[in-house]
Amino acid sequence: MVADMDELPKTGESEKLLATGMMDGPHGLIASAVHFDIFTLFPQMFSGPLSESILKRAQERELCAVALHDIRAYTTDRHHVCDDTPYGGGGGMIMKPEPIVRAVETVLARPAGWSLPAADAYTNLPPWDADSATAKGDIPIILLTPQGRPLSQTVVAELSRYPRLALICGRYEGVDERVRTQLVTDEISIGDYVLSGGELAAMVIVDAVTRLIPGALGFELGAEQDSHSPGLGGLLEGPQYTRPHTFRGEPTPDVLLSGHHGNVARWRHEQALLRTLHRRPDLLMHLPLSAKDRAFLHQHGWLAE
Ligand code: ADE
């Protein structure tokens, strides 16, 4: 699993990315910028999400950088095979260990920002020691898999403390177990359902981590006030309104127009409590609620203590 803050890697001077160290973020100390190395058989899947909106702007501002590494480029056989049938029989294909391990070890041995020149794919790969591991350093090497630990805002905040993260997208029916035992340092699932591969899960992580970097959202307190975030004490965010004042006969609550900041803040907090009670009562158990919050929730039917 990922290391303590004290053990966090300091990135090298040669990095293109301005990962100059740690800074205060909405969740405590975080990296001032994050570099993602993503290992995938389908790099083109990422082009849409990375080239729009907040992720696009964050890259332009050098708050995050994403290097996509095509695992297939690290095969050396004539047909560029990345999968094979499982030992012991059974259906489906398993991702072979060599291309993945070679890709990750080759990339992570080099400064953030390096990727294999397209002309060198398959035929002119940097030398690699096939027999002994080299990549176990300070950079988390995360396998996206439904078997991983569940992603939560707490895990996202933990990941945001690293200046560099490696994400491996599994495909087919799984990856050879030696990828786990010899390379991977963490495994993450984005939910109890099965996707066709880890690519969408990797995009979720890139998005959720990037929006925690100060400046990425373009407005103060952005991520702080999100559902599940510390600014809301881990509660879901309550209802929000904008113009028009009345839509199809449904008006905006008067308190939001009152101009009384204290009343607005109290109302928002109560709405966050109610929304969490109605939609995710399981979350309430783990939150540090005040006596007043507890009394309010009990008044509204909260049965648990
Ligand atoms: N790959 C396939 N399903 C996944 C999931 N739920 N989370 C992360 N990676 C996956």
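How far apart are the end C-alpha atoms of helix 6 (residues 199-210), and what span should its twelve residues have at 1.5 Å a residue? The end C-alpha atoms of helix 6 are 16 Å apart, which agrees with the 16 Å that the twelve residues should span. The expected span is 1.5 Å times one less than the number of residues.

A word on the model before we go on. This is a predicted model, in which local features need pLDDT of at least 70 and side-chain atom pairs count only at pLDDT 80 or more, while totals for chains, interfaces and linings use all residues. Residues are numbered from 1 along each chain as its sequence is written. Helices (H or I, at least four residues) and strands (E, at least two) are DSSP runs, numbered from the N terminus.

**Helix 6**

Nine of the twelve residues of helix 6 are buried, so the helix is largely enclosed by the rest of the structure. Among these buried residues are A201, M203 and V206. Buried means that 20 or more other C-beta atoms lie within 10 Å of a residue's own; exposed means 12 or fewer, and partly exposed is in between, with C-beta atoms placed from the backbone.

Five strands form an open sheet in the order 4-3-8-7-9, with parallel pairing. Its edge strands, strand 4 and strand 9, each pair on one side only. Two strands pair if DSSP finds at least two bridges between them; strand 7 and strand 9 are joined by five. In this pair, L144 stands opposite I188 in strand 9. Helix 3 packs on the sheet, touching strand 3, strand 4, strand 7 and strand 8. Contact here means C-beta atoms, placed from the backbone, within 7 Å.

| Element | Residues |
|---|---|
| Strand 3 | 34-40 |
| Strand 4 | 64-70 |
| Strand 7 | 141-150 |
| Strand 8 | 164-169 |
| Strand 9 | 186-189 |

**A residue of helix 3**

P97 lies in helix 3 and counts as partly exposed because it has 18 C-beta neighbours inside 10 Å. P97 and R178 are 81 residues apart in sequence, yet 6.5 Å apart in space, C-alpha to C-alpha. Not counting residues up to four places away in sequence, P97 touches D176, R178 and V179.

**Around the ligand**

The ligand is surrounded by 13 residues, and the closest are L144, P146, S189, L195 and A201. Here a residue is near if its C-beta atom, placed from the backbone, lies within 6 Å. Strand 7 gives the most to this shell, with three residues.

Methods. Two residues are in contact if their C-beta atoms, placed from the backbone, lie within 7 Å. Axes are lines fitted to C-alpha atoms, for helices over the stretch in contact, and angles run from 0 to 180 degrees between N-to-C directions.
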